[in-house]
Amino acid sequence: MLRIYCKNTDSYCEVQEGSTLLDIVPLFDFDKPYDIIGAKVNNVAEGLKFRVFNNRDIEFLDYRSYIGRSIYSRSLCFLMSKALTDVCPGASVEMHRPLSKGFYCTLHLPDGVVTDSGLVESIKRRMGEIVAEDIQFRRHEVQTAEAIDMFRKLGREDKVKLLETCGDVYVTYYSLEKEVDFFYAALVPSTGYLKVWDLALYGDGMILRLPDRHHPEQLAPFHPQPKTFNALQEMIQWNHIMGLETVGDVNKACLSGKASDLIQIAEALQEKKIVKIAEEIDRRYRLEKDPVRLVLITGPTSSGKSTFCKRLSVQLMACGLKPISFSTDDYFVNRLDTPRLPDGSFDFDNFDTVDHDYLQSDVMKLLEGQCVDVPEYNFVTGLREYNGKKLKIEKDTILLIEGIHALNPLLTDMVPEHAKFRIFINTITSVSLDAHNCIPTSDNRLLRRIVRDYNKGAFTARQTISAWPNVRRSETMWIYPYQEIADVLFNSAYLIEFAVMRTHAEAILATVPKNCPEYSEAKRLLKFLHFFVPVSDKELPATSLIRSFIG
């Protein structure tokens, strides 16, 4: 018999060797308002079909956890792919990126078949039938060469390229009746777990809608995001033209000696976009009526705001303008006055962390031509200081303000709308592992922050991972609601960023102890990074957005 400790109940029980988590969960009595769909076993994420052969610590999870949502989303993707194959043999679906709390998908269809409401309704109906049948998801572990041969015969070249370049001896794939697929982590036990979802026509594809993270019994609200969607389509189109749609494509290119070319292309694309933004600001600045005078730059943490601001300033100078800038961080209230979270810790992402009345007063003075003493925040002492930094707007001068709250309307509500140009920086991950395994958009930024915090000696990897859920909640509340009011969306994600980041992040992630809750996320990131062929950063220019994180 094995001894199992359940973190949900702070109690033990004995089970037979080889018992699954599905067998074990009924043995512990705790509140289960929603289906248990996964667990952390010794701080490693596992599916419910995982078998125990030694004493273990287990924490059971439902959809409200990040691990639970990931398991559910992957399983739902497989369900949709299976339903599409059933109603339209020869068709395939490609999962792209999260969009308005769902996933944007496009279909590859046989000649004569189009993506329309009738087809989407047929897929949706078949998905419902498969859920009602409660079919088992089955897990298979085989030699990688065997899996490659199987997927090649099925015409799944995206999976073939990924598996050929990952370096694994054995891999796991899943089956749903006769349908087979590869996923890099666990699924739910059966289709009957997938009770809440929706499928709707959107653009030239579909939106796969997911449950609400706080109330999994209902769908997450859907809000159209046309500007974000346009940025996503632009990226998808460019990747298709370049033939770099998946990690396997990028790996093959790197292994054939093209990593340097890819870095140069990625840098050129970002610089081209920055030039276009600068030219548009210059055009609007020089309007005789209603000219732009204030550029507001925002984005979530680790999106590259500060570096983008510097690069934009250079391009504005090339247009004949004289940019001056400061950060909303310089107007932080003194640390003792910072709002606090329910646990008593400082809420540094709260809007009231910024003395917005004082900041706006200085902005108005600057726009009126006055000279202003701009503060600088001392992050060591937690105090706002005045160190002689003076700003004044003169002829051909334009003011840039960057910070996580720069687009909040309350920050500049006294400034005329025509005088403002808003830029939102996001990291829309540019490639997927394969057609059915898209990379979470926040993984770019989390890895950037882990590496930067560690290299600066600010926080350990464990501390950064621990703080990340609060950071994400604050972004949802204070930053992303203003994404669609931006004049321009800039994507700071880098084509081969994960390949470069792997060489920096692996050793740092390995410092997270196995006996702490953060280990599960460190383990996930390490497992995910190993799919990328590592690329040296020596070709990255000093002005690269990535340099601000890796040094």
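## Contact between H11 and H13

In H11, the residues Asp443, Asn444, Leu447, Arg448, Ile450, Val451, Tyr454 and Asn455 meet Glu497, Phe498, Met501, His504, Ala505, Ile508 and Leu509 of H13; contact means heavy atoms within 4.5 Å. By type, the residues of this contact are 9 nonpolar, 3 polar and 3 charged. Here Ala, Val, Leu, Ile, Met, Phe, Trp, Tyr, Cys and Pro count as nonpolar, Asp, Glu, Lys and Arg as charged, and the others, Gly among them, as polar.

This is a predicted model, in which local features need pLDDT of at least 70 and side-chain atom pairs count only at pLDDT 80 or more, while totals for chains, interfaces and linings use all residues. Residues are numbered from 1 along each chain as its sequence is written, and side-chain values use heavy atoms, with hydrogens and water left out.

## Helix geometry

H11 spans residues 441-455 and H13 spans residues 497-509; their axes come within 10 Å and cross at roughly 50 degrees. Axes are lines fitted to C-alpha atoms, for helices over the stretch in contact, and angles run from 0 to 180 degrees between N-to-C directions.

## Whole protein

The protein has 15 helices and 21 strands, which are DSSP runs numbered from the N terminus (helices H or I, at least four residues; strands E, at least two). Along the principal axes, the C-alpha atoms fill a box of roughly 75 × 60 × 45 Å.

Of the 551 residues, 56% count as buried (under 20% relative accessible area, 1.4 Å probe, protein chains only). Among contacts with a separation of 6 or more, 73% join residues 24 or more positions apart.

Conventions: Buried < 20%, exposed > 50% of the residue type's maximum accessible area, 1.4 Å probe, protein only.
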